[in-house]
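Dear colleague,

Please find the structure below.

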Amino acid sequence: MLRPRQEVLIMMILAAALTRLIPHPPNFAPIGALALFGGAYLSDKRFAFLVPFAAMLLSDLILGFYAHMEWVYGSFGLIVCVGLGLQSRRRAGWIAGASLSSSVLFFAITNFGVWAGGSLYAKGFAGLMACYVAAIPFFGNTVRGDGFYSLILFGGFALLERRFVILREPALPSAAMH
């Protein structure tokens, strides 16, 4: 049975994934933020990967599958790993840096996948660079989307923790108590 903290975290991740169903500008989506949030808050590493992946898959089942989604999911897994690194550093500066890093990871990996798995760009360094250059206009929305949804998820949960004691992380025993 899940504790209230875990239930709320999982519901927030699912809700964020479902916002993909709302019309939005290209790449202004919760993908990076929900992977980052799941990694940062779900202490069981299996859940840290499983819950965001399941939420993403659920929204993809509704939206439909798309080309190069294996690259999206691969970047998603790496972003969960970035979130795992935030578990003991959930402060604004670290979260902002991790959010930006997540955007860069998503951009680099998914556009590499477009280049590697498609025929739109020539194979070779020049073709890869052309693919990245063509994707630059979308990068701003990725950064804005990851930042916006990170603020909502991380900030929202921080507010919930302040308001509801039951959602707070159990305190670790003090070193002086040993």
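In these notes Ala, Val, Leu, Ile, Met, Phe, Trp, Tyr, Cys and Pro count as nonpolar, Asp, Glu, Lys and Arg as charged, and the others, Gly among them, as polar. This is a predicted model, in which local features need pLDDT of at least 70 and side-chain atom pairs count only at pLDDT 80 or more, while totals for chains, interfaces and linings use all residues. Residues are numbered from 1 along each chain as its sequence is written, and side-chain values use heavy atoms, with hydrogens and water left out.

A pocket is an open set of points on a 1 Å grid over the protein atoms alone, where a 1.4 Å probe fits, with protein on both sides within 12 Å along at least five of seven lines; lining residues have an atom within 4 Å of a point.

Two or more lining residues come from each of the helices (DSSP runs of H or I, at least four residues) H2 (31-41), H3 (45-63), H5 (92-117) and H6 (125-163). H6 gives the most, with seven residues. By type, the lining comprises 17 nonpolar, seven polar and two charged residues.

The second largest pocket has a volume of about 200 Å³. Among its 13 lining residues, Ala92, Ile95, Ser150, Leu151 and Phe154 are the closest to its centre. H6 supplies the largest share of this lining, six residues. Seven residues of this lining are nonpolar, four polar and two charged.

Yours sincerely

Key. Points joined across faces, edges and corners; volume = space filled by probe spheres on them.
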